[in-house]
Every structure is written in C-alpha cells, then in structure tokens.
Amino acid sequence: MTARVGIVLVSHSAELAEGVAAMIGELGTEHVDVAVAGGTDDGGLGTSYAKVSSAIEKAGSGAGVVVLADLGSSVLTTKMVLEDQPDPQVRLVDAPFVEGAVAAKVTAGSGADLAMVATAAEEARDFRKL
C-alpha cells in the first residue's frame, strides 16, 4: 500500500470533528488516514494539546500530514504543538474546515504529495456554492 498524506481535523467540538471525518471517509475509494482532535480532554468544548499531538502522530504514514483547524484556539493549540514538535512533514493549512477537508481527502486519495494536498485544501476557500 502506498503511503498517502494524512489529514488531522482539529475542532472545538468532538462531534463536529468526527462528523467531518465520517463524511470525508465516504469520499473516494483509496484509504487516507484521518484523525480527529475534538474538544477538551474532559469532553467539553475547546481544544486539547494532547489530542492534537496524538492525532498528528496517528495520521502520519510517512507522506506528511495536513492539519485543518476550525477557528480560534484550535489554530493556536495546533501552532503550539507544531512549535514544540517541529516537523516539515506536518502542515497547518489556512482552509475552510469542511470544504478544505473534502479537497484534502480527494487530493490525498489521488496520491498527491504534501504540497499539493495543502494547496488543494487552501484553494477550497474559493469554491462557490451558488
């Protein structure tokens, strides 16, 4: 099996992260590792350094990891993890949470490299719905 870029979804809500993960899990036929870091360690709304760190490790298969965060402290928490554990193969992307996750999953599933998956996620902000 070819290593593919993994995806991490960081959200203030475990349910939101798991829902987006379930949705993108249905896209395409190729396996892509998707991990979630939703909510606080005690199950509340917020973010968790430990959950983000663990999710990045879980999604890594050697081809890199794209991290999408919903907003605010999820971005800050992810940045802290990446500052403490720098890895050029892990990239936090400035992308819309749902649309970026869809674009990342489809692109990663095609076997694209880290730069291409990150770009696809970021370009998702330009997807028009109407």
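**Figure 1. Ser53 in helix α2 of a predicted model.** Ser53 is buried, with a relative accessible area of 17%; buried means under 20%, exposed over 50% and partly exposed in between, using a 1.4 Å probe and protein chains only. This residue lies in helix α2. Helices (DSSP runs of H or I, at least four residues) and strands (runs of E, at least two) are numbered from the N terminus. Neighbours within four places in sequence aside, Ser53 is in contact with Val81 and Gln85, where contact means heavy atoms within 4.5 Å. The model is predicted, so that local features need pLDDT of at least 70 and side-chain atom pairs count only at pLDDT 80 or more, while totals for chains, interfaces and linings use all residues. Residues are numbered from 1 along each chain as its sequence is written, and side-chain values use heavy atoms, with hydrogens and water left out.

**Figure 2. The packing of α2 and α3.** The axes of helix α2 (residues 49-59) and helix α3 (residues 73-84) come within 9 Å and cross at roughly 60°. Axes are lines fitted to C-alpha atoms, for helices over the stretch in contact, and angles between N-to-C directions run from 0 to 180 degrees. The two helices α2 and α3 are therefore oblique to each other; angles under 35 degrees count as roughly parallel, over 145 as roughly antiparallel, 65 to 115 as roughly perpendicular and the rest as oblique. The crossing of α2 and α3 is right-handed, a term for a near helix turned clockwise from the far one by less than a right angle, with anticlockwise giving left-handed. Tyr49, Val52, Ser53 and Ile56 of α2 meet Thr77, Thr78, Met80, Val81, Leu82 and Asp84 of α3. By class, this contact has 6 nonpolar, 3 polar and 1 charged residues; Ala, Val, Leu, Ile, Met, Phe, Trp, Tyr, Cys and Pro count as nonpolar, Asp, Glu, Lys and Arg as charged, and the others, Gly among them, as polar.

**Figure 3. The largest nonpolar core.** A nonpolar core is a set of buried Ala, Val, Leu, Ile, Met, Phe, Trp, Tyr and Cys residues joined through side-chain atoms within 4.5 Å. The largest such core has 20 residues, of which Ile7, Leu9, Val66, Leu68, Val93 and Val117 touch the most other members. Two or more residues each come from β1 (6-11), α1 (14-25), β3 (65-69), α4 (97-109) and α5 (114-123). Beyond its neighbours within four places in sequence, Leu68 is in contact with residues including Ile7, Leu9, Val93, Phe97 and Ala121. Another core, of 14 residues, lies apart from this one and has Ala35, Val52, Ala55 and Ala59 among its members.

Figure 4. Gly100, Ala103, Ala104, Thr107 and Ala108 of α4 make the contact with Met116, Val117, Ala120 and Ala121 of α5. This contact has 7 nonpolar, 2 polar and no charged residues. The axes of α1 and α4 lie 10 Å apart, at about 35°. Here Leu16, Val20, Met23, Ile24 and Gly25 of α1 meet Phe97, Val98, Ala101, Val102 and Lys105 of α4.

**Figure 5. Asp113 between two helices.** Asp113 is placed in the loop between α4 and α5. Asp113 is partly exposed, with a relative accessible area of 42%. Asp113 and Arg4 are 109 residues apart in sequence, and 7.7 Å separates their C-alpha atoms in space.
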